[in-house]
Each structure stands twice: as structure tokens, then as C-alpha cells.
Amino acid sequence: MTATSTAADRPPRAGLLHRSPRLRVGLLLTPPMLWLGVAYLGALAALFITAFWGQNSFTGTVERTWTLGNFRDLLTIDVYRTVTARTIGIAALVTVLDAVIAFPVALFMAKVASPRTQRALVVALLMPLWASYLVKAYAWRGMLGTGGLVSWVASPFGLDTPGFGITGLIITLAYLWLPYMVLPIYAGLERLPTSLLEASADLGARSGTTLRRVVLPVAFPAIVAGSVFTFSLTMGDYIAVRIVGGPNQMLGNVVFDNVGAANNLPFAAAVATIPVVVMLVYLALVRRTGALENL
Amino acid sequence: MTFSRGLRATLLGSTVLVLVLVYTPLALVVLNSFNANRSFAWPPRELTLEWWRAAASSEGARAALGTSVEVALLATFLSLVLGTMAALALRRTSFFGRDAVSLLIILPIALPGIVTGIALNNAFRTIFGWELGFLTIVVAHATFCIVTVFNNVQARLRRLGGNLEEASMDLGAGTFTTFRLVTFPMLRSALLAGGLLAFALSFDEIIVTTFTAGAQEQTLPIWIFNNLFRPNQAPVVNVVAAVLILASIVPIMLAQRLSGSSAGMTGAR
Amino acid sequence: MNRTTTTLAAVAGPLLLASVLTACGTSGGSDTAGEPAAQGFTAPDVPMQESLGQKEGEVGILAWPGYAEDGTNDKTVDWVTPFEKQTGCQANVKYFGTSDEALNLMKTGEYDVVSASGDASLRLIASGDAAPVNTDLLKSYADIQPFLKDRDWNSVNGQMYGIPQGWGANLLMYRTDKVKPAPTGWDAVFEKDSPYAGKITAYDSPIYIADAALHLMNTQPDLGIKNPYALDQKQLDAAVAVLKDQRPQVSEYWSDYLKEQQAFTSGDTVLGTTWQFIANLAQADKVPVEAVFPSDGSTGWSDTWMISAKSKHPNCAYAWMDYIASPKVNAQSAEWFGEAPANAKACDFTSDKSFCDTFHAADKAYSDQIWYWTTPIQQCLDGRKDVKCTDYGQWTQAWTEIKG
């Protein structure tokens, strides 16, 4: 480029793109929107249309006659309410547990540790993401079982392992999803200028006050962002619950049993609307916190 | 210092505790890869190298690893392209559908995997008429990976503003030249961070993969799943996992070097 | 450790819940033999191969994981490569996870042979996707155990639709050091206020409802259950009630061998259903367990290799069926899979010489006590015409309610 360039030297198309933001936005948005807006949303829509269809039990083919039967079953049979409540409860507890564990770690990383330690800690916390989800779940199964590591550690305190069941499941899921909570909070806190903390201290605020009045408000949207991960990952899980959940089942199992074993896609689709509705409500609630931009 | 000594000590203490908690199961996995008992009973009574020998000669594991890497690379590439385009499009524009677009990009990761899985499975087979296979896995993975790139790039763009690009254009560079010489270098570390997260997401994904993979294609998580249920193979799975844990240090360290800042890992906001 | 005793069931595949357990037959027990109306359909007229010709050079095989191993998972476990060398037919193997998946894939007409379970086999015959098999063209057929020939799940009116692969029973396993006296029947797992409450395990699938139905068949004859896979609404409700009573006593439902083996090893579970090879695995690791065939009968599976009506490579397909059912190969696959081989001479080739005894491979009386797994359908499999039976979809919903 030289200083003597004039507008006439610009390639005309580039100039057009520069002058017309609308065209630029349109061209840039078309491929991702075709992919997500048409293909992905289309797939979801097709799934939910299927929920209104029936199934031929002998041949297993979907019969395209409209019926509300699947939703009627879903609403009138108690067990689906129980399973939904249990799943939401577990998702909420896992989320809270992860937030409580992740916050101090993220704060330490972002505002106390030296840059070198900071880097090492990020690596240390990302590494477990690479060990297979299944292998980690089975490792927890070994730890939670009778005579496993958990009861070894707990027995001197007069405690015992929670065994396989809801408690064990919550611990395992919280473990599996922890990195997804730590990273957004860490990123959020890193943006918080240290000068702000210093100002707070200079103005006489004690650590506790600084935490409450300065750090938490900044961390909150980040925590919410992390919670989208932990909440949705828990809502859709059906594998960990089979490994450490004892005789219990979650929404994911109900969907999986119907689509995988019974090949009843219409009913599975109807059950799948529950986690979708829950997640959409959740997203709508958290959108106001600005959390979605922290994902 | 901004925090009291007590608070800093507490934070340090909890971080150490969490690290111990995070690494205990992983250490157990490594230990179990030497455990002679086939259902890795605790405590191990006898140690063996048999599983490491078996794993070293497991063609299935190697092939699955190859498939996983290919899928993850392709899915990452697609999400880099699509995510960057979307982020650039939404920059400094406030058309009415802006929020809807953001929401749409987040949706595949925010909806439970099993929903995305059966929706895509159904669409691939009945609407598109595709046979499930390698490409369907890539498409499915790219769908939920776009968001990591999009968010990283968007955050970077927001921080940078557009002055340099304006200057470039005013000096006569075209849109594409400006992108190549100005915008792209500024985005590089954000792309790296987003891409790495996308790669990791794809690499260990099992639920969506279950529904979008044909019976022939095995990604590593699917191979692990299948082999946990073949006798004598479960301990081999521990070996594979142990190797993965150790090998994962390399890409993460590399990415850190390249991005040049710790924040690069999480998006350099 | 002895690799050969450590075979495994078909349970690979993400849809593992449904896989092995859907291995089945339409009805079981010798008492139903000779009831022609059991299937509730007539087989379409599909021509049968009359003679063998030139081999086509390739064959498409649909198999449960474990039935067609080609050495990629374990170099020592490979009987596909020798087949290719021997016949010049290149084998394109595809594994499936559920009977439904197998059905859908067979309908494409791209596969020549399939290892079908009882429910799939009947539906394949009914829809005209499977061709009758000319057993005269299969040298191995002569050696197949007689009690596996011409059964409800692999033949129609005396015409075979395939060659049997293998079969097995669901057993009752217990920890010998914890459960005393030793249990003999399914009462032990369905008993109310069991001393082993919280340490009982059950199979994690709707098909387990049949086990409760079998129990009711023996204990409550008033209900009139004649076949545990043919339950009308009232009978299903009764079976569900039994399982709901059992639920609080269950420590967990098992679906894969690893989970069950771990639970018995640690003592989290001391009593429940199992497969023979899981018991073998646990015993090999010196866990004090014993597996018995319950005195009141049991459920089980039986699989058949079938040929597609649209097969483009029928000669290679016949070659595969002959090969896979031949004594040596049948021994290999059955041992790896963990079931009784269908070929009587296979017992001479098992690497564990006691394998066939352990799995009762030649024991007709034992086989007759098994109600082979089948997918329940609306037409009652016991031949009743006056009521509608409950289908697998209803069983799945019932199973969800049982687990709560």
C-alpha cells in the first residue's frame, strides 16, 4: 500500500462490501444461518413434529397420523413428573456444587496466583477434559463402591461412602463438569481490573466486603454462563446415572430407552420436549444477566 | 495487596484441595491400568503390564484415535469458519435479529446432547436421506462447536474496536486484504483458544456421536464405550485413558505458547 | 488368566441396553412346540436358493458385535480374515446395536446375511426381507443341535430360515459367602423383605418384565400366564406390581458385564440375574460367587444367521453361513461371545475343554427350560385370540414406571 492510493484503486467488490454493511452482514451470516437456522432448527422442528405421530408396534415404523397421545401419557402418568423433578433437582444441585467449588479456584487463579502459576493452573484444570468421560465415571464407580477409596478416606471420621445413588451421582457429575464452570468464571474475573480491587481496599473495605461488593457482581454473569453448561450437560445425561446412579433414572434414560431400545421415536421426541422447555426457560431467565456473552 | 492474608490463604487452600480432588480419580485410572484384576477391584492386589502390552497392539484403539482426531480437526475447522463469519457479521451491527442469532448459536450446546443427537439422527436419515457415517459425525460436532469460536472471536472483536481496520481501508486496502493483514492477525489467539476448546469438545463427545455415527465409524469415546463391555478389554481402556491424559499436556502447552498468554486458553477477554 | 473363558456378549454398541437382551425367540419351552398359530402371520413366498454357483467375491455381513471379529479389537480374535482367504469373498462387516437397527439395515437390501435374534428373525420373515434357507447346501447344518432346528423363531411350517449360531440362559448368581442358604429359584430375588434388601440386582431392560411374568407363571397360576412374552394388560399389571415391590430392594440395575462384575466383586450386590460368562469372569478373579440355573426355569436368547431376500451375493452368503456355523469357527465365536455353540461338534474345538459342559451346549433338557427372549407384540404369542397382548412399547413405558 502506498500513500498515493486512491479510492479508485480499491477492488470494486471490496469497496462495495465496505460501503454496504447490510450486504456484508448478509454474506457473512448466510452460511452459519443456513447451517444452524435451517439445518439444525429444521432437525429440531422435525423431531417435535414426530412427537405428534404414532408408531406401528410390529414393524416399528412411524405412522404419520396426528395424535396427542404421547403428550397425554407424558402429562397423566406420574412417573414422568417424578423423573422430571428429580432430573431438574440433580441438575440444580450439581450446578450449585460446581459454582461453590469453582469460585475460589477461579478467583485464586485470576487474582492471587503469579502469571506463571496461573498458566500452570489452567493447564492443570483443562487436562481432565481429555481423559475420557466414561473412564472418569467408572473411576468414580470404583471409588464410591463398598470398600472403595471413598470409604477408606471417610472411615476414620466415622463416615461411609454414599454408595451408588443420587448422592454419588451428584458428586460424579459435579466432578465431570467442573472445568466447564471454572473456565468461564476465571475468564470473567480476569477481566476485573486489579485497580478496582485496590481502590476498594484503599477505601477501607475489608476483604469480605470487596468480595461481596466488587468481585461477586463481576463473577455472577460468568457463574451463570458456567451454569448453562453444567445444567444442560446434566439434563441430557443418561450414561453416568447408569454407572453410579444406583437404580435411579433421569430424563435422558427415558428418552434413550424409548428411542434406543423400543425404537419409539415419537414418544422419545415427546419426552425430549421436557429438557428443551426447561433449558429454554433457563436461557430466558439468565439472558438478562448478560451471561450468554460469557459462554 | 488487595486481599487479606487470611483470604489468600483460604483461596490457596481450596485450590490445592480441588486439585487433589480432580487428580485422585485420574491417578486411580493410571494405577488401574496396572491392576491385574479385570474389573479393577480396589485395592489392587497384584500389578501387571499385560494391559499396556495389549493396548500397544490394539489396532482398534489406534484406528479409533485416528477417526477421533480427523473428526475433531474437521469439526474444528468448520466451526472456525462459521463461528468467525457469524462473529464478524454481528460486529457493530444491531439489526433486529441479532439476539436471535446469538441464541441460535448457543442453542446446540445449551440443549441436552441427547436431544441434539436424536434430532440430527432423525434429520440425517429421514429428511436428508444420508447414511450415518463419518461426515454425519463431523456435521453434528461442528454444530455444537461453533459457539466456542463465536464467543471467543466476538469477545476479542469487542475489545479491539475497529480503528486499525478503518485505517487499513482508508489507506486503500480492500476488504479481503484488510482481513488477511489486519483483522486475522488480531484474532489469531482468540481463534486458537476457540479452536482448542472446540477440538476438546468434539474429541470427548459421546452422546451426540452415539446417535450420529454409523455402525462402522468408531470415535475414541465410542471405542471406549464398546470395549468397556468386552471382557478383558476394560483394563485396556484404562491404559488408553492414561495415555490420553499424559498426551493432552502437549496440545494445551503448545496452545499456551502460541497464544502467549494464559488468558488465551479461555478466550482472552 | 484364561482368555477363552472370558468371552463376552454382544453388548458392544451404544445401544447396548437393547442389544444382547433382544437376542431371542418368539416363544420358548417345549410346551409351545407345535402350536402353529404362534407367529400370527403367514410368510410371504420368497424363492429359495436351489444350488450353489460361482462366488461373487464379496459379502455384506450384519452382525451383533462379537459374532464377526476381524482382529481389530484383539489380534488373537479373528475368524473373518481366514474366511476371506479361504473363500475369496471379501467380508464387509457392519455391527448393529439393536434388533430394530438390524431390521432397518436389512430393508436397504445392501447386506446379504444377518445374525438375527428371535424377534428380528420373525419380523424379517414376515416382511419378506429374509429368504428361506436351503439347508442341503450347508454342510455344517447336519451337525447343528437337533433341538435348535425347526423352532418357532427360526422356521415357518418346517422350512428353516437360517442356521443357528448359539444360545444362552439368564442365571441366578449369588455371593457364596454372603447368601446363605444358597438360593435355588427366582423367589430369592422377588421375595418381600428379603434379608438381602439393597444388595439385589436385576437386568436393566423392559425385557426383564418377562422374568417377573415367569415367576408369576409358577407362583400364581390363576393369572393364566402361558408364555411370559404374551401378557395381556391384567397380566402385565401383575408383573409390574411384582417388580415395583422388588424396586426398593434393588441396589442397581445392571446392563453391562463390567458393572455387574464390579458390584459382585465389591459386595455392593450379592444376589441377582447374570450370564454364565460373567460368573466365569468373576470366579477367575477369585470372587466367591456361584451361578445356578433356577429350579423354576429361566429366560434366555437364541440367535440365527439369516440370508436377505435381496442378496446380491447369495453364494458368498451361503459360504459365510456354512463357515460361521462350522465346528471350529462356531466354537471360536461362541466362546468369545459367551454362549452355547449351536454346532454339536464345536465342543471338540473350544480352547477351554469344559466350555460346552459349563454352557450346557448339548443339554436339550436344559434348553427346554429356557423361555427365549422375544419382543412382545400385540398378537398374543401364546395363540390367544380373544385378547390383545401388550407390545414392547408398553413394556418400555411400564419399565420406566417400575424404575420410578
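Good morning. C89(C) sits in the loop between α2 (80-87) and β2 (90-95) of chain C, while C316(C) belongs to helix α10 (residues 314-324) of chain C, so the bond ties together parts that are 227 residues apart in sequence. The two sulfur atoms are 2.0 Å apart, and both C89(C) and C316(C) are buried. Please keep in mind that this is a predicted model.

Over all chains, the structure holds three disulfides. Another one links C347(C) with C356(C), at an S to S distance of 2.1 Å. Its torsion is about -90°, so this bond is left-handed. C347(C) has 19% relative accessibility and therefore counts as buried, the cut-off being under 20%. C356(C) is buried as well, at 7%.

The disulfide between C380(C) and C389(C) also has its sulfur atoms 2.1 Å apart. Here the torsion is about 105°, so the bond is right-handed. C380(C) and C389(C) are both buried. Counting bonded cysteines along chain C, the pattern reads 1-2, 3-4, 5-6.

I turn now to the contact between chains B and A. Chain B contributes 98 residues and chain A 104 residues. Together they bury about 9200 Å², with 79% of it on carbon and sulfur atoms. On the chain B side, helix α1 (residues 5-32) of chain B supplies the largest share, 16 residues. That side comprises 71 nonpolar, 20 polar and seven charged residues. Which polar links join chain B and chain A? There are seven residue pairs in polar contact and zero salt bridges. Thank you.

Key:
Residues numbered from 1 in each chain as written. Chains lettered and ligands numbered in written order. Predicted model: local features only at pLDDT ≥ 70, side-chain atom pairs only at ≥ 80, totals over all residues. Heavy atoms only, no water. Contact = heavy atoms within 4.5 Å. Buried area = accessible area lost by both parts, 1.4 Å probe. Salt bridge = Lys/Arg side-chain N within 4 Å of Asp/Glu carboxyl O. Polar contact = N/O pair within 3.5 Å; in protein donor to acceptor, adjacent residues only side chain to side chain. Helix = DSSP H or I, 4+ residues; strand = E, 2+ residues; numbered from the N terminus. Nonpolar A, V, L, I, M, F, W, Y, C, P; charged D, E, K, R; others polar. Disulfide = S-S within 2.5 Å. Buried < 20%, exposed > 50% of the residue type's maximum accessible area, 1.4 Å probe, protein only.
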